[in-house]
Amino acid sequence: MYLPFNTPGATFHPHATDPSPDCNRHRRVTAAGTVVDVTVYDAVVVGSGPNGLAAAVTLARAGLSVHVVEGAPTPGGGCRTEELTLPGFRHDVCSAAHPLLTLSPFFADPVFDGLRSRLVQPAVPFAHPLDGGRAAAAYRSLDATADGLGPDGAAYRRLLGPFVDGAAELAADVLVPAWRLPRHPVTMARFGAVGLRSAQHVAGRFGTTPARALLAGAAAHAVRPLSAPVTAGFGLLLTAAAHAVGWPVLAGGSAAVTRALLDELTRLGGTLECGRWVGTLDDLPRSTAVVLDVAPAALSGLVGPALPDRYRRAVGRFRSGPGVCKVDWALSGPVPWTAEACRSAGTLHLGGTFEEVAAAEAAVTAGRHPDRPYCIVVQPGVVDPTRAPDGRRTLWAYCHVPNGSDRDMSGAVEAQIERFAPGFGDLVLGRRTVPASRMSDANPNYVGGDIGGGANDLAQTWARPVPARNPYRVPVQGVYLCSASTPPGGGVHGMCGVHAARTVLADLFGGPPPW
Ligand SMILES: Cc1cc2nc3c(=O)[nH]c(=O)nc-3n(C[C@H](O)[C@H](O)[C@H](O)COP(=O)(O)OP(=O)(O)OC[C@H]3O[C@@H](n4cnc5c(N)ncnc54)[C@H](O)[C@@H]3O)c2cc1C
């Protein structure tokens with residue numbers, strides 16, 4: 001049964017021009033009083049990742065009737081938690097650490113108070129072990145972090161301080177299409193001046209191995225060579241977030257994001273259908289708008305000949321980034337990191353010095369598998385005992401590999417962990433590895449194992465998936481794109497969905513300009 005879409009808090013009514021009480025076209029009450037679905041919606045969303053659901057919620061809040069169609073048997077895309085190894089061990093299938101959710105204006109809404117109360121903060125947001133039992137650590141406190149960096153402490157404080165103080169302003173201006181006029185021009189000008197540079201350039205401000213390594217670990221989330229423009233921006237935003245809002249994990253797992261979004265959608269009368277892969281838009285129930293939480297590569301098949309050739313060619317030039325090989329473990333206990341700070345870190349960046357991480361990332365971009373890959377490791381058990389049976393732990397990791405790689409990198413990832421935590425191998429009770437080439441089996445958006453929705457090079461950070469004033473519009477009446485392949489890109493923040501939904505409202509339902 002589909003419920004009326006007139007909801008408390010709607011800012012305008014989509015059928016304001018039709019004041020009749022029967023203007024809700026989406027249900028009919030039979031003589032017997034039964035509500036019948038007539039399957040005509042204001043909007044159908046294809047894909048229930050965080051962006052698809054954020055779009056659905058934004059549309060439903062405006063009073064629209066919304067239906068979400070998901071291909072996988074369970075909803076959530078990048079926000080799912082499952083027993084991947086052994087019974088009782090619950091692993092985040094994709095996203096695990098949530099600095100971007102914590103910064104996102106969308107998730108700041110009071111309806112997500114319950115979700116935010118489940119965010120649990122490790123004492124150390126992220127740490128970067130080095131050989132010889134040392135580690136660099138980003139603590140919640142900027143000062144404590146700077147103090148830990150010794151001779152580079154003052155330079156670190158000078159570099160990060162303005163962005164930590166202005167983190168909310170920064171998020172408001174970064175989590176939008178890049179060419180929108182900034183609301184906080186001073187903060188953005190300062191961020192642009194350093195963030196558009198390469199991590200290699202900015203690391204020149206530091207003279208010690210730990211400070212340089214700390215920056216390398218955060219900047220490598222861009223999945224680009226550290227000599228490439230904008231890699232500093234990735235590193236600075238994520239490091240500023242560590243100090244300003246932390247890098248929390250969700251108690252019980254990232255599926256909590258999906259549950260919160262679906263609770264809100266259902267409360268607003270929206271509906272969800274799982275287990276139905278959409279091959280063409282003709283398969284969908286009728287609607288005024290279709291919002292696609294899909295990879296650009298899927299647009300051609302979904303929209304068919306109606307897609308203008310020029311756009312088809314432009315979208316065909318969209319580049320995927322490198323892939324990841326993901327490994328999850330069930331462990332008999334906590335990882336025995338040699339460096340103390342690593343034992344209470346939620347996230348760890350493995351790869352050694354700046355130069356080693358830079359070499360590994362450059363190799364991946366050149367199509368090679370590094371012997372010592374850069375790895376991101378999350379140990380939710382430092383703050384969330386619910387992930388595994390008593391005293392046991394789950395561990396989550398991935399390393400970067402060339403796009404489409406079918407290589408099982410679990411040995412290389414375990415060697416990196418063992419390098420900084422001797423004895424790790426003795427704890428392994430179970431393991432599950434997904435090479436990059438298999439990442440898209442469960443979610444076609446991860447093309448060749450690219451989990452960021454497209455390469456984060458300068459051009460695609462600026463304009464994704466095509467250069468356009470409003471990149472959420474697909475040039476076919478009523479069709480929109482809302483996935484991480486639109487601005488502001490990858491990560492769990494929901495803002496691609498929000499901007500796409502606002503565009504739908506402005507174009508088709510009399511809403512205000514999207515930004
Ligand atoms: C291994 C991994 C680790 C990650 N770690 C983090 C992290 O720690 N923190 C973070 O912030 N981000 C992380 N991310 C990135 C984050 O998960 C994604 O950027 C985010 O989920 C993108 O959201 P989305 O809604 O655009 O797409 P997705 O979450 O990919 O959702 C798309 C949904 O659409 C469905 N779909 C696609 N095509 C169709 C179709 N034709 N028919 C029906 N359904 C379809 C898919 O099944 C999927 O459910 C990680 C991703 C992965 C894979």
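Trainee: What is the handedness of the crossing of α1 and α11?
Mentor: A crossing is left-handed if the near helix is turned anticlockwise from the far one by less than a right angle, and right-handed if clockwise. The crossing of α1 and α11 is left-handed here. One caveat: this is a predicted model, where local features need pLDDT of at least 70 and side-chain atom pairs count only at pLDDT 80 or more, while totals for chains, interfaces and linings use all residues. Residues are numbered from 1 along each chain as its sequence is written, and side-chain values use heavy atoms, with hydrogens and water left out.

Trainee: At what angle do α1 and α11 pack, and how far apart are their axes?
Mentor: Two packed helices are described by the angle between their axes and the distance between the axes. Axes are lines fitted to C-alpha atoms, for helices over the stretch in contact, and angles run from 0 to 180 degrees between N-to-C directions. Helices (H or I, at least four residues) and strands (E, at least two) are DSSP runs, numbered from the N terminus. Helix α1 (residues 50-61) packs on helix α11 (residues 255-267) at about 20°, with the axes 9 Å apart. The two are therefore roughly parallel (angles under 35 degrees count as roughly parallel, over 145 as roughly antiparallel, 65 to 115 as roughly perpendicular and the rest as oblique).

Trainee: Which residues make the contact?
Mentor: Contact means heavy atoms within 4.5 Å. From α1 you get P50, L53, A54, A56, V57, A60 and R61, and from α11 T258, L261, L262, E264 and L265. They divide into nine nonpolar, one polar and two charged (Ala, Val, Leu, Ile, Met, Phe, Trp, Tyr, Cys and Pro count as nonpolar, Asp, Glu, Lys and Arg as charged, and the others, Gly among them, as polar).

Trainee: How do α9 and α15 pack?
Mentor: Helix α9 (residues 209-219) and helix α15 (residues 354-365) sit at about 25°, axes 8 Å apart. That makes α9 roughly parallel to α15. R212, A213 and A216 of α9 meet F354, E355 and V357 of α15.

Trainee: Is L302 buried or exposed?
Mentor: Buried means under 20% relative accessible area, exposed over 50%, partly exposed in between (1.4 Å probe, protein chains only). L302 has 4%, so L302 is buried. L302 belongs to helix α12 (residues 299-303). Leaving out residues up to four places away in sequence, L302 touches V278, G279, T280, L281, L292 and V294.
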